[in-house]
Amino acid sequence: MNIPNKIDLCNKPTRIEKLERTSKKYNKNIFLKREDETGTETSGNKIRKLEFCLKEALEQGATHILTCGDLESNHARSTVAACRKVELNPIVFLRAGEIPSTSGNHFLDIVFGAEINYVGVDAFNSGIDKIMKEKLASLLEQGMKGYIIPMGASCGIGNFGYYSVMKEIMDQEKTLNISFDTIVTTIGSGGTYAGLMMANKIHSFNKTIVGIPICDTKEIFEEKILNILEESNGYLEKSVNYSRSDLKITKDFAGLGYALNTEEELQFIKDFAITEGVLLDPTYTGKAFRGMTKLFEENFFESSKNILFIHTGGVYRLFSKQTQTQINKLK
Ligand SMILES: Cc1ncc(COP(=O)(O)O)c(C=O)c1O
């Protein structure tokens with residue numbers, strides 16, 4: 001099947017490692033796909049999607065990339081870093097309160113010299129698309145061409161990122177001589193799940209793909225993911241039909257809300273770091289991995305034996321928890 005072109009911007013294939021102690025604890029074979037190792041500057045899942053988005057932008061003759069996210073957005077930081085590799089000018093719109101503090105991803109956006117526009121929470125939530133379109137128009141007036149990447153690069157073209165990762169995993173199954181029955185990912189804006197699902201459906205890989213939401217509800221994401229998958233159909237020679245029954249999305253593990261953490265969640269991240277020597281992040285993978293362990297207790301994963309959890313990255317967000325929380329005082 002023909003899929004859109006991409007530019008190579010990340011380390012791949014990423015490693016798959018077995019979590020020996022966690023596997024023993026839950027009596028399952030649990031593996032991590034280390035998408036946090038896609039690159040130092042571009043660490044995490046977003047670069048997979050950006051490989052396709054930025055190629056499309058270059059093909060369209062773009063000079064500037066416009067995107068948006070939270071103040072500590074992994075996606076914004078990845079986009080900014082990737083733009084610098086291909087000589088595109090990054091412009092980011094970050095959702096921020098009064099005085100934006102600099103730590104983690106936000107600090108790196110500054111190091112990469114991005115044009116940063118801080119947008120108040122209400123204005124961002126009610127009209128970020130309009131704000132970015134206005135900027136696009138003003139660039140055009142000045143003879144420059146912008147290309148908008150929506151939040152999280154969760155869009156028709158971005159989906160081909162995790163479509164490709166799914167194929168990469170199928171190749172790794174052969175070299176590792178293992179068959180994963182279940183693949184688990186965090187859901188933040190939906191594109192990682194949608195891409196994995198798209199490949200699973202098109203190529204009949206017959207894997208159970210489980211998505212664990214860390215902000216909105218299962219129902220909201222089902223609709224969102226079906227919409228993104230429909231957008232991707234626009235890039236294929238033959239459309240694929242999807243329905244809610246194709247999706248396996250769990251209840252949400254948002255906890256106190258997006259990017260907020262309970263002490264228990266932070267303790268889970270610290271315990272995991274000590275047990276496995278791996279850093280999870282506080283906004284996405286920490287909440288989702290902990291969610292998965294809660295669901296083990298509820299027998300949600302009863303029929304799963306070999307589970308591959310996609311470590312989608314986010315490590316720089318951990319630094320924003322230094323002052324906000326007392327992680328150094330935990331056990
Ligand atoms: C580290 C990390 N993990 C997971 C996600 C969620 O992925 P997606 O937006 O594709 O659902 C994001 C971004 O939203 C992220 O930054």
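The following conversation takes up how several descriptions of this predicted model are reached.

Colleague: What should I know about numbering and confidence before we start?

Modeller: Residues are numbered from 1 along each chain as its sequence is written. Since the model is predicted, local features need pLDDT of at least 70 and side-chain atom pairs count only at pLDDT 80 or more, while totals for chains, interfaces and linings use all residues.

Colleague: What makes the chain as compact as a globular protein of its length?

Modeller: The chain has 11 helices and 10 strands, where helices (H or I, at least four residues) and strands (E, at least two) are DSSP runs numbered from the N terminus. Its radius of gyration is 19 Å, close to the 20 Å from the globule rule for 331 residues, and therefore the chain is as compact as a globular protein of that length. The radius is taken over C-alpha atoms, and the rule is 2.2 Å times the number of residues to the power 0.38. Along the principal axes, the C-alpha atoms fill a box of roughly 60 × 55 × 35 Å.

Colleague: How do you know that the ligand shell lies between two domains?

Modeller: Domain 1 (16-41 + 158-329) and domain 2 (46-153) both give residues to the shell, so it lies between them; the bounds come from an automatic or database domain assignment. The shell holds 20 residues, the closest being N74, G188, Y284, T312 and G314, and a residue is near a molecule if its C-beta atom, placed from the backbone, lies within 6 Å of it. At least two shell residues come from each of α3 (74-85), β7 (182-187) and α7 (191-202), with the largest share, 3 residues, from α7.

Colleague: Which classes of residue make up that shell?

Modeller: There are 3 nonpolar, 16 polar and 1 charged residues, on the convention that Ala, Val, Leu, Ile, Met, Phe, Trp, Tyr, Cys and Pro are nonpolar, Asp, Glu, Lys and Arg charged, and the others, Gly among them, polar.

Colleague: Why is β10 called largely enclosed, and why does I131 count as partly exposed?

Modeller: A residue is buried if 20 or more other C-beta atoms, placed from the backbone, lie within 10 Å of its own, exposed if 12 or fewer, and partly exposed in between. In strand β10 (residues 306-311), 5 of the 6 residues are buried, so the strand is largely enclosed by the rest of the structure. I131, found in helix α5 (residues 121-141), has 17 C-beta neighbours inside 10 Å and therefore counts as partly exposed. Over the whole chain, buried residues make up 45% of the 331 residues.

Colleague: Why is the crossover from β4 to β5 called right-handed?

Modeller: Strands β4 (residues 89-95) and β5 (residues 115-119) run parallel and share 5 bridges. The chain crosses from β4 through helix α4 (residues 104-111) to β5, and this β-α-β crossover is right-handed, because, with the strands pointing away from the viewer, a path from the first strand over the helix to the second that runs clockwise is given that name.

Technical notes
Pairing = 2+ DSSP bridges.
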